Amino acid sequence: MAKHEQTTEEEIIYVSKSELKREALELHELGCEIAGLAKKQREKLPLTDELKEAMTVADRIRAKTDAYRRHMNYIAKTLRSTPNVEDIQAAMDLMLNKNN
């Protein structure tokens, strides 16, 4: 019997659990920053329809602390699945003058 060798090698990229948590925390903080902006400022950001709706709900439940905290977790989860997070972050940095 002849031995078959694979000619293509698949590269496995290992991402540590700590790194995943750091990225999730960064997105949570980004979501909190976006929710803290005024509505007029948020309109300038390239948010998806789902994020816009989530921000509207966040405005309504801001006084209910536990519900607001859980909703911020939902916004962070939505940001993780959003394809244009870099664009949103760049627009936020530009808006808040974080050029450094």
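Tutor: Let us begin with a term. A polar contact is a pair of N or O atoms within 3.5 Å; within protein, one atom must be able to donate a hydrogen and the other to accept it, and residues adjacent in sequence count only if both atoms are side-chain atoms. In this structure, a polar atom of the Thr82 side chain lies 2.7 Å from the backbone oxygen of Thr78.

Student: On what basis are such values given?

Tutor: The model is predicted, so local features need pLDDT of at least 70 and side-chain atom pairs count only at pLDDT 80 or more, while totals for chains, interfaces and linings use all residues. Residues are numbered from 1 along each chain as its sequence is written, and side-chain values use heavy atoms, with hydrogens and water left out.

Student: How many helices and strands does the protein have?

Tutor: Helices (H or I, at least four residues) and strands (E, at least two) are DSSP runs, numbered from the N terminus. Here there are five helices and zero strands, giving the order α-α-α-α-α from the N terminus on.

Student: Where are Thr78 and Thr82 found?

Tutor: Thr78 belongs to helix α4, residues 65-80, whereas Thr82 is in the loop between α4 and α5 (85-95).

Student: Is Thr78 buried or exposed?

Tutor: Buried means under 20% relative accessible area, exposed over 50%, and partly exposed in between (1.4 Å probe, protein chains only). Thr78 counts as buried because its relative accessibility is 3%. Thr82, with a relative accessible area of 9%, is buried as well. Of the 100 residues in the protein, 26% are buried.

Student: Which backbone oxygen does the side chain of Thr78 reach?

Tutor: The Thr78 side chain reaches the backbone oxygen of Tyr74, at 2.9 Å.

Student: Which residues does Thr82 touch beyond those up to four places away in sequence?

Tutor: Contact means heavy atoms within 4.5 Å. With that exclusion, Thr82 touches Thr48, Leu51 and Ile88. Thr78, leaving aside neighbours within four places, is in contact with Glu50 and Leu51.

Student: Which residues touch the most other members of the largest nonpolar core?

Tutor: Nonpolar side chains tend to be buried together in soluble globular proteins. A nonpolar core is a set of buried Ala, Val, Leu, Ile, Met, Phe, Trp, Tyr and Cys residues joined through side-chain atoms within 4.5 Å. The largest one here has 19 residues, and Leu30, Ile34, Leu47, Ile75, Leu79 and Ile88 touch the most other members. Two or more residues of this core come from each of α1 (17-36), α3 (49-60), α4 and α5. Beyond its neighbours within four places in sequence, Leu30 is in contact with Leu79, Val85, Ile88, Gln89 and Met92.
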